[in-house]
Amino acid sequence: MQYKKISLPANKSIALVAHDNKKPDIVRWCEKHRDDLANHKLYATGTTGTVINKATGLEIERLISGPLGGDQQVGSLITEGKVDFLIFFWDPFEPMPHDPDVKALLRIAAVWNIPVACNPISADFMVASPLFNGEFERYVPDYEGYMKARASLD
């Protein structure tokens, strides 16, 4: 796969996802970082978005529930370049019936080279980084180049 350099904007789009047992953690984390998060576009899966909005008043574009396809919606937004960060507090102790969806989401985040935080401390480090509120260049798959190369094989 070939890659291209793109600019990550100062105002980022952040997806917020949390498994049921981690919803209190993500709410506390969002309360702690409310002022920082308010400067960015926020997405969240179903219930996570509702509980964060209720607790913080943050404006959040809510997707459907993770097990019903919300994880795939986040993945789609990542591939479309509409999500720059993923904050995903997942529960390592609970078996998830939609575990393949979770793995697929984490795989897409890795493929498209976006920062991922899976717990409050890693999310704290991301917000504390000087890169969080500034522009930054990153490499992403060059899909157009990939398609052109494939077409030349025909």
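This report covers the fold, surface and salt bridges of a predicted model.

## Fold and overall shape

The protein chain contains 7 helices and 7 strands. Read from the N terminus, its elements follow the order β-β-α-α-β-α-β-α-β-α-β-α-β-α. The radius of gyration is 16 Å, close to the 15 Å given by the globule rule for 154 residues, so the chain is as compact as a globular protein of that length. The C-alpha trace spans about 55 × 35 × 25 Å along its principal axes.

Of contacts between residues at least 6 apart in sequence, 75% join residues at least 24 apart.

## Surface and charge

Of the 154 residues, 44% count as buried. The accessible surface of the protein chain is about 8,600 Å², and carbon and sulfur atoms account for 55% of it. There are 17 positive and 20 negative side chains, with the centres of the two sets 2 Å apart.

## Salt bridges

The whole structure holds 8 salt bridges. One of them pairs Lys5 with Glu137, with 3.4 Å between the closest N and O atoms. Lys5 belongs to strand β1 and Glu137 to strand β7, so this pair ties together parts that are 132 residues apart in sequence.

Asp124 and Lys32 also form a salt bridge, at 3.1 Å from N to O. This pair links helix α6, which holds Asp124, to helix α1, which holds Lys32, across 92 residues. Asp124 is buried at 17% relative accessible area, whereas Lys32 is exposed at 56%.

Lys41 and Glu61 meet at 2.8 Å, N to O; Lys41 lies in strand β3 and Glu61 in strand β4, 20 residues apart. Lys41 is partly exposed at 35% relative accessibility, and Glu61 is partly exposed at 37%. Lys22, Asp25 and Arg28 are joined in a network of salt bridges.

Key: Residues are numbered from 1 along each chain as its sequence is written. This is a predicted model: local features need pLDDT of at least 70, side-chain atom pairs count only at pLDDT 80 or more; totals for chains, interfaces and linings use all residues. Side-chain values use heavy atoms; hydrogens and water are left out. Helices (H or I, at least four residues) and strands (E, at least two) are DSSP runs, numbered from the N terminus. The radius of gyration is taken over C-alpha atoms; the globule rule is 2.2 Å times the number of residues to the power 0.38. Buried means under 20% relative accessible area, exposed over 50%, partly exposed in between (1.4 Å probe, protein chains only). Contact means heavy atoms within 4.5 Å. Accessible areas come from the Shrake-Rupley method with a 1.4 Å probe; for residues, only the protein chains shown count as cover. Lys and Arg count as positive and Asp and Glu as negative; His and the chain ends are not counted. The place of a charge is taken as NZ of Lys, CZ of Arg, CG of Asp or CD of Glu. A salt bridge is a side-chain nitrogen of Lys or Arg within 4 Å of a carboxyl oxygen of Asp or Glu.
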